Amino acid sequence: MARRSSERPTTRRAPSAWPTTGLSYGGDYNPEQWAPEVWREDVRLMREAGVNIVTLGVFSWGLLEPRQGEYDWGWFDEVIGLLHDSGIAIDLATPTAAPPSWLLHEHPEILPVDADGVREQPGGRLGWCASSPVFREHALRITTALAERYGDHPAVRLWHVSNELGGGNARCYCEVTAARFREWLRAEYGTVEAVNAAWGTAFWGHTFTDLDHIEPPRREQHKVNPGLFLDFERFSSDELLGHYLAEAAVLRAHSEAPVTTNFMVGSGRHVVDYSDWARHVDVVANDHYTIVNDPVREQDLAFAADRMRGLTADRTPWLLMEHSTGAPSWQQRNRAKAPGEILRNALAHVARGSDGAMFFQWRASTAGAEQFHSAMLPHAGTESRVWREIVQLGDALRRLRGVAGSPVEPAKVALLVDEESAWALQQGLKPHRALRYTRETRLWHRVFWQRQVLVDVLPVDADLDGYDLVVLPTLFVVSDAQAARIEAFVRDGGTALVTYLSGVVDGTGRVRGGGYPGAFRDLLGITTEEFRPLQEGETVRLSDGGEVTDWTEDTNLHGAEAVVAYADGNSAGRAAVARHAVGEGAAWYVAAQLPLGSAERIADRLIDELGLPRAVEASSGIEAVRRRTPDGDVLFLVNHSDADETVAVSGQSLLDDASFDGKAVVPAGGVVVLREGAAE
C-alpha cells in the first residue's frame with residue numbers, strides 16, 4: 001500500500017520570525033488590474049485600515065514574463081517599493097497559478113485532461129497538469145527569476161507557492177499522467193503481482209500482466225476498482241506536492257523567508273492529503289469560505305480552524321490566508337455577510353489559532369471572472385459598511401497583537417480525519433452511495449462545539465497523548481498499526497468513540513473479513529453482520545426517542561453493553577449505540593446515523609463521565625476559546641445567536657475599555673475578548 005504521511009521525511013523549516021509584528025492583516029493585492037495612481041491610493045488606504053501584509057503577484061506571470069525568458073520587472077519593483085516604504089510586508093507569490101497565454105499557445109499539452117478524456121481550455125484556474133515536465137520547466141524558471149531578484153528584499157517576509165494547488169487541477173487523466181502513475185506504482189509496489197494482490201483484480205477479470213497496462217480511473221469512476229481509485233487519489237496528491245516541493249526548493253535556495261501555500265481545508269474539501277502536505281510548509285495557511293446553504297456556517301469555520309491547528313505536531317499558530325468580507329462569486333446565490341459578521345468570522349479564526357486574518361482580495365475587481373467577489377475595499381469604496389468594518393477589524397487586530405505567537409489552550413478531545421477515508425467512501429458501489437464522509441465529522445465536532453468543549457481535529461496518525469476522548473467518524477480506511485494505536489490508547493485509560501463505516505477496509509481498499517467494523521470489532525466488543533441502509537422515506541425509531549433516516553446495522557454484542565437500541569424496524573432490539581469497557585478505558589460504537597439530539601445526549605454523558613472541560617458555561621450560541629499568552633489567558637467569546645448572552649467571567653476587555661466583574665454581556669452577533677482575571 002502507499003506510504004503514510006508519517007513515513008515521509010519532512011522539509012518544513014520552522015520560521016525564525018512571524019512575517020509581521022503582531023497579527024497579520026491584509027489580503028491578495030493585484031495592482032496589475034489598476035493604473036499606477038491607484039497604487040498610491042491603495043497604500044494610503046491600507047495604512048488607514050491597519051493592513052500590515054499583502055499577498056502579491058499570484059496572477060502576474062504573463063506581465064512579469066511577457067515572452068519566454070524576457071522579463072519586465074519595472075512595475076513590480078515600483079509596487080514592492082511603495083509597499084515597503086509604507087511598512088507593509090509582502091507575502092510574495094510564485095505566479096504559477098496562471099500560465100501566460102504564450103505558454104498555453106505554444107504548449108497546449110500542459111492543460112489538464114478530465115476523466116472523459118477532454119482537454120481543458122485556457123482561461124480557467126490552474127490550467128496545468130502536475131505531471132507535465134514542460135510546465136515544470138517553465139514554472140521553475142519564473143520561480144528562479146523571482147527568487148533571484150527578490151530573495152533578499154527586506155519587504156519579502158513570506159513566500160507563497162502558486163495558489164490553492166489542486167483547486168482547478170486536482171486530477172489529470174492525460175497520457176503523461178498515466179505514465180507517471182505507472183512509475184508511482186512501480187515505486188510503491190515493485191511488481192504487477194503485488195498490485196494485483198493489493199487491488200483484488202481477479203474480480204471482473206481485471207488481472208494485469210504488466211504495469212504498463214494500467215490506466216488512470218477514467219469515466220464511470222463509481223465502477224472502478226476501489227484499490228485503483230484510492231491509489232490514483234494518493235498519486236495525484238503526491239504529484240501536486242512534488243510540484244510544490246520543486247518550487248519551494250528554489251525559493252529556499254535563494255531566501256531565508258518562510259515558504260507556504262494556501263490550503264483549502266473545510267469540512268467538505270478533500271483535494272489533497274493535507275496531513276502529508278503540512279509537513280512541508282513553514283507556515284501552515286488556509287483559505288476558508290462559508291457556504292450559503294450550510295445551516296451551521298460558523299461551525300464549519302470552527303471545524304476548519306481546529307483542523308488547521310491540528311495539522312502541525314507542535315500546534316504552532318497558522319495563518320488564515322483568505323476569507324471574504326461578503327459574498328464570494330462562485331456559489332449559486334452568493335450571500336452578503338450580515339453587519340458584524342466580518343469581525344465575528346475573523347476573530348473566530350484568531351481564537352482558534354490563526355495569527356492573522358487575510359482576505360481575497362484588497363480591492364474589488366471591475367473585470368474578470370470574479371468581478372463581483374467581495375473585497376476589503378468594495379466597489380462602493382470607503383463610504384460603505386464593509387469598509388467601516390474593515391477599519392474596525394484592523395483596529396481590533398492591533399489591540400489583540402499580544403496574542404500573536406500564543407498557543408490555544410490544550411484540548412482534551414481529538415477528532416481524527418483522513419483524506420484517504422473520504423476518497424474511498426465517496427467512490428464506488430457502496431451500500432449507500434448518498435452518504436458523505438463529512439456528515440459524521442461535522443456532527444461529532446458540532447455537539448462539542450455547541451458545548452464550548454474544544455476539539456483538536458487531527459490526522460489519523462497524530463500523537464494522542466494528553467487526550468481523554470478520541471472520536472473516529474467514518475474512518476473507513478484503517479491499517480492494522482492504526483487500529484493497534486487506538487486500542488492501546490483505550491487500554492491505557494482513554495475513551496474512543498467509533499462510528500459506523502469505520503475500520504471496514506484496509507489500506508489497499510480491501511474489506512476486512514469477520515464482520516464489521518473490521519479493524520475495531522474486538523476493541524468495540526461488537527460485530528455487525530449486515531449493513532441495513534434505510535430506503536428513501538423509511539425511518540427507524542431509537543430507544544432514546546430519536547429517529548434514524550439513513551443508516552442502521554444488524555449488530556451483535558460480544559462484551560459491549562447497549563446504550564441506545566433500535567426500537568422498531570428489522571433491527572429492533574439490537575444495539576444502535578454500544579459501550580465496551582476495555583482495560584482502564586472504554587470504547588463506544590455508533591452503529592446508526594444518529595440525529596443531532598441523540599448525538600447531543602451521548603456528548604453530554606461523555607462530558608460528564610470524563611470531566612471534559614468547557615471553556616465557559618453558556619448556551620449553544622456562544623463560541624468560547626482561550627489562547628494562552630505570557631500575560632495570562634485571553635478568552636474569546638463569539639455570539640452567533642440573535643440575542644444578547646450573559647457569560648460568567650471576569651477580566652479586562654482587549655477590544656475597548658470595558659471591564660467585567662463576574663459577568664460579561666456578549667451582544668447578539670458580537671464578540672468580547674478579555675484577559676481573564678480580576679476586573680480593573
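**Cysteines and aromatic contacts**

1. Cys 172 has a relative accessibility of 7% and therefore counts as buried. The coordinates come from a predicted model, which should be kept in mind throughout the points that follow.

2. Cys 172 takes part in no disulfide, and the cysteine sulfur nearest to its own, that of Cys 174, is 3.5 Å away.

3. The search over the whole structure returns 0 disulfides. Cys 129 is likewise in no disulfide, its nearest cysteine sulfur being that of Cys 172 at 3.6 Å, and with a relative accessibility of 2% Cys 129 counts as buried.

4. Turning to the rings, the structure contains 23 aromatic pairs. One of them joins Phe 76 and Tyr 150 in an edge-to-face arrangement, with 5.8 Å from centre to centre and 70 degrees between the planes. Since Phe 76 belongs to helix α3 (residues 74–85) and Tyr 150 to helix α5 (residues 133–150), the pair ties together parts that lie 74 residues apart in sequence.

5. Both partners of this pair are buried: Phe 76 at 1% relative accessibility, and Tyr 150 with a relative accessible area of 3%. They also belong to one aromatic cluster, which is formed by Tyr 71, Trp 73, Trp 75, Phe 76 and Tyr 150.

6. A contact between a charge and a ring also deserves a mention, in that the charged end of Arg 363 sits over the ring of Trp 34, at 5.3 Å from the ring centre.

Terms used:
Residues numbered from 1 in each chain as written. Predicted model: local features only at pLDDT ≥ 70, side-chain atom pairs only at ≥ 80, totals over all residues. Heavy atoms only, no water. Phe/Tyr/Trp six-rings, centres within 6.5 Å; stacked < 30°, edge-to-face > 60°. Helix = DSSP H or I, 4+ residues; strand = E, 2+ residues; numbered from the N terminus. Buried < 20%, exposed > 50% of the residue type's maximum accessible area, 1.4 Å probe, protein only. Lys NZ or Arg CZ within 6 Å of the ring centre and 35° of its normal. Disulfide = S-S within 2.5 Å.
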